[in-house]
Amino acid sequence: MGLVTAALITEDQKILIAQRGRSKRFGRQWEFPGGKVKQDETPEACLRREIQEELNLKIRVEELFCTVHHQYPDFFIELMAFWCTIIGGSLELEEHEQVRWVTVPEMKNYDFVEADLNVIAALSSNLHQTND
């Protein structure tokens, strides 16, 4: 499958998560919104496009948080997760069942797609480092 992006959209110490549409692969599981990087597209441009298409939000892509390599049974992805800030638009669900604003500790209560679990682990360890 290749290079995929994820947006860590933050507001008030919470991160936006989205539930995949039931007809999609991994339907009804939760994810950080984002998508596949097209040929000749930067990961940052991909995120801006995907978030606009899927959630009707304009975002500013900040720094890269982490990169995850994940092997699913039938494909491999390199997932780049970026911190993002909403700069415009109004939230509309085009492809997802629902969205929620959650804290990192609350994420354990959601059934996430496998690759995003690695991002959550990195967020959790980052949280512990800043709280110590």
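**Reading the predicted model**

Modeller: One aromatic cluster is made up of Phe26, Tyr72 and Phe75. Keep in mind that this is a predicted model.

Colleague: How many aromatic pairs does a search of the whole structure find?

Modeller: The search finds six aromatic pairs.

Colleague: Why is the pair of Phe26 and Phe75 called tilted?

Modeller: The ring planes of Phe26 and Phe75 stand at 50°. Stacked needs planes under 30 degrees apart and edge-to-face needs over 60.

Colleague: Why does Phe26 count as partly exposed?

Modeller: The relative accessibility of Phe26 is 26%. Buried means under 20% and exposed means over 50%. Phe26 falls in between, so it counts as partly exposed.

Colleague: And Phe75, buried or exposed?

Modeller: Phe75 has 11% relative accessibility. That is under 20%, so Phe75 is buried.

Colleague: What kind of aromatic pair do Trp30 and Tyr110 form?

Modeller: Trp30 and Tyr110 form an edge-to-face pair, with 70° between the planes and 4.9 Å centre to centre. Trp30 lies in strand E3 and Tyr110 in the loop between E7 and H2, 80 residues apart.

Colleague: Why is Trp30 called buried?

Modeller: Trp30 has a relative accessible area of 6%, which is under 20%, so Trp30 is buried. Tyr110 stands at 19%, again under 20%, and therefore counts as buried.

Colleague: Let us turn to charges. How many salt bridges are there in the whole structure?

Modeller: A search finds eight salt bridges.

Colleague: What makes Glu31 and Arg20 a salt bridge?

Modeller: The closest N and O atoms of Glu31 and Arg20 are 2.7 Å apart. The limit is 4 Å, so the pair qualifies. The bridge links Glu31 in strand E3 (residues 30–31) with Arg20 in strand E2 (residues 14–20), 11 residues apart. Both residues are buried.

Colleague: How do you know that Lys24 and Glu95 form a salt bridge?

Modeller: Their closest N and O atoms are 3.3 Å apart, and this is within 4 Å, so Lys24 and Glu95 form a salt bridge. Lys24 is in the loop between E2 and E3, and Glu95 is in the loop between strand E6 (76–89) and strand E7 (96–102), 71 residues apart. Lys24 has 36% relative accessibility and counts as partly exposed. Glu95, at 33%, also counts as partly exposed.

Colleague: Which residues are linked with Glu41 in a network of salt bridges?

Modeller: The network links Glu41 with Arg49, Glu50 and Glu53. Within it, the side chains of Glu41 and Arg49 meet at 2.7 Å, N to O.

Colleague: Why do Glu41 and Arg49 count as buried?

Modeller: Glu41 is at 19% and Arg49 is at 18%. Both values are under 20%, so both residues are buried.

Colleague: Where does Thr5 lie, and why is it called buried?

Modeller: Thr5 lies in strand E1 (residues 2–11). Its relative accessible area is 2%, under 20%, so Thr5 is buried. Neighbours within four places in sequence aside, its contacts include Pro33, Val37, Leu47 and Met80.

Colleague: Why is Ile120 called buried?

Modeller: Ile120 has a relative accessible area of 10%, under 20%, so Ile120 is buried. Ile120 sits in helix H2 (residues 114–131). Leaving aside neighbours within four places in sequence, Ile120 is in contact with Phe32, Met107 and Phe112.

Colleague: Which residues have the most contacts inside the largest nonpolar core?

Modeller: They are Leu8, Phe32, Met107, Val119 and Leu123, in a core of 26 residues. At least two residues of this core come from each of E1, E2, E5, E6 and H2. Among the residues that Val119 touches beyond four places in sequence are Leu8, Phe32 and Leu79. A second, separate core has 14 residues, including Ala7, Leu16, Leu55 and Leu57.

Methods:
Residues numbered from 1 in each chain as written. Heavy atoms only, no water. Helix = DSSP H or I, 4+ residues; strand = E, 2+ residues; numbered from the N terminus. Buried < 20%, exposed > 50% of the residue type's maximum accessible area, 1.4 Å probe, protein only. Contact = heavy atoms within 4.5 Å. Phe/Tyr/Trp six-rings, centres within 6.5 Å; stacked < 30°, edge-to-face > 60°. Core = buried A, V, L, I, M, F, W, Y, C linked by side-chain atoms within 4.5 Å.
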